[in-house]
Amino acid sequence: MEVLVVGSGVVGATIAYYLAKGGLEVTLVDQSSPAQGSTGAALGLLYGVLSQKLTGLALDLRLRSLHAYDQLIGELTYEIPYNRQGILKLAYCEAETEAWDQLIQVRAAQGWPLIRLSPPEVSWSGINPTDLVAALYSPRDRQVDPRALTLALGARIRHLGGQIHLGTRVEMLQERPGGWVVHTSEGVIRADWVVVSAGLGSATLTPAVNLTPVLGQALELAWPCPPGQPVITHNDVHLVPLGEQGYWVGATVEFPGEDAFPEPDPAALQKLREQSEKFYPGLSQAPVRRAWWGLRPRPVGEPAPVVRAVGDRLILATGHYRNGVLLAPVTAELVQALVLGDKTPGQLK
Ligand SMILES: Cc1cc2nc3c(=O)[nH]c(=O)nc-3n(C[C@H](O)[C@H](O)[C@H](O)COP(=O)(O)OP(=O)(O)OC[C@H]3O[C@@H](n4cnc5c(N)ncnc54)[C@H](O)[C@@H]3O)c2cc1C
């Protein structure tokens with residue numbers, strides 16, 4: 001069975017890897033290079049256990065995907081920056097800790113540990129304890145370098161015999177009996193199945209989904225970073241330790257105006273920087289090595305992500321919004337089940 005996967009971001013690359021590993025003939029195409037879309041901008045937080053959701057499908061998908069990650073990274077056997085030190089969530093007022101006891105209990109029953117720490121107990125993380133009220137430590141949440149992961153997936157797909165065509169833009173999908181004719185900038189490709197995982201580009205390939213871009217900015221700071229640090233987070237500002245390289249700080253969430261494409265707001269980036277000073281005094285003075293922005297694909301009128309069959313042998317796997325890196329493995333599992341006709345419980349639709 002031949003499957004064409006459109007889009008070599010983290011979602012498409014993970015899908016193609018799972019399908020190739022399962023013995024299917026896979027072709028992955030991208031108009032650009034791997035991880036140039038939203039994936040190239042992501043911080044790679046695998047924020048599952050600390051999610052505020054207590055139960056439900058969205059949480060279930062997060063935890064299933066998180067569970068798959070340690071094994072996935074092990075299978076890839078490439079040098080992929082992967083932080084296993086967990087995520088530390090900070091609280092600077094009592095109100096921010098209100099839901100913590102319930103969350104700790106519910107997660108314990110689900111088999112995921114969460115540990116409440118007092119300010120002196122977070123000293124191992126090197127954090128500034130001034131004004132800190134408490135912290136919630138999740139040893140099982142993770143962080144991965146999304147670009148390195150996507151490149152490693154590409155290498156494994158090739159190793160398994162899969163084809164990757166870069167610089168190949170998919171222009172039109174045409175149904176044929178039992179499959180698809182895919183018109184690309186480089187010619188026609190025939191496939192039994194097509195998976196559209198082209199991020200924001202997905203909506204131009206099928207009217208079955210509507211997506212809006214939500215902009216995110218982040219920066220890399222040159223600042224001494226002790227070894228063995230967890231990711232630190234407060235109020236949606238994340239500090240990602242990169243070893244000797246310094247830190248990533250991100251990310252803003254900037255919605256498009258009416259009819260306007262979102263533009264990065266310098267004030268939002270500045271605010272992000274100032275907020276990071278809470279974690280370490282002086283961090284806002286650290287030299288900026290680089291700053292960047294990207295566009296998250298957010299579904300309109302339905303929850304993220306959008307993973308479903310939208311026609312005979314045509315699957316949409318897109319709209320992962322703020323959690324595409326986290327949700328890539330579970331998305332690949334769902335797509336694999338759809339292609340193989342396995343109606344496993346847990347499918348989205
Ligand atoms: C600043 C920022 C921080 C983020 N942080 C996190 C985080 O910490 N954790 C997390 O889980 N998520 C995070 N995200 C969200 C995450 O980046 C996205 O959800 C995820 O990358 C989506 O992956 P994707 O593969 O679907 O899309 P993309 O990465 O956008 O990939 C789509 C690919 O499809 C290709 N394509 C498009 N149209 C066509 C076409 N017609 N033909 C061929 N190819 C095509 C594009 O070239 C692109 O390579 C963040 C996003 C941003 C912007």
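I looked up the ligand first. It is surrounded by 42 residues, and the closest are Gly-9, Gly-37, Gly-199, Gly-201 and Gly-324. I then asked which elements give two or more residues to this shell: helix H1 (10-21), helix H2 (38-41), strand E14, strand E18 and helix H7 (324-339). I keep in mind that this is a predicted model.

I sorted the shell by residue class. It divides into 17 nonpolar, 21 polar and four charged residues. I also checked the domains. Domain 1 (2-77 + 145-210 + 301-339) and domain 2 (84-140 + 212-299) each give at least three residues to the shell.

Next I turned to helix H6, residues 266-276. I found Leu-269, Leu-272 and Ser-276 buried there. Why do the buried residues line one face of H6? Down the axis of H6 they fall within an arc of 55°, so one face holds them. The general rule for an α-helix is 3.6 residues a turn, so residues three or four places apart point the same way. On the face turned away from the buried side I noted exposed Ala-267, Gln-270 and Glu-274. I looked for what covers the buried residues of H6: the cover includes strands E14 (211-221), E16 (237-241), E17 (247-250) and E18 (288-299).

Last entry: strand E7, residues 134-138. I counted four of its five residues as buried. Strand E5 (87-91) pairs with E7 in the antiparallel sense over five bridges. There Ala-91 has Ala-134 of E7 as its bridge partner. Strand E6 (115-117) also runs antiparallel to E7, joined by three bridges. Arg-116 has Leu-136 of E7 as its bridge partner.

Technical notes:
Residues numbered from 1 in each chain as written. Predicted model: local features only at pLDDT ≥ 70, side-chain atom pairs only at ≥ 80, totals over all residues. Buried ≥ 20, exposed ≤ 12 C-beta atoms within 10 Å, placed from the backbone. Arc of directions from axis to C-beta. Contact = placed C-beta atoms within 7 Å. Near = placed C-beta within 6 Å. Nonpolar A, V, L, I, M, F, W, Y, C, P; charged D, E, K, R; others polar. Domains from an automatic or database assignment. Pairing = 2+ DSSP bridges.
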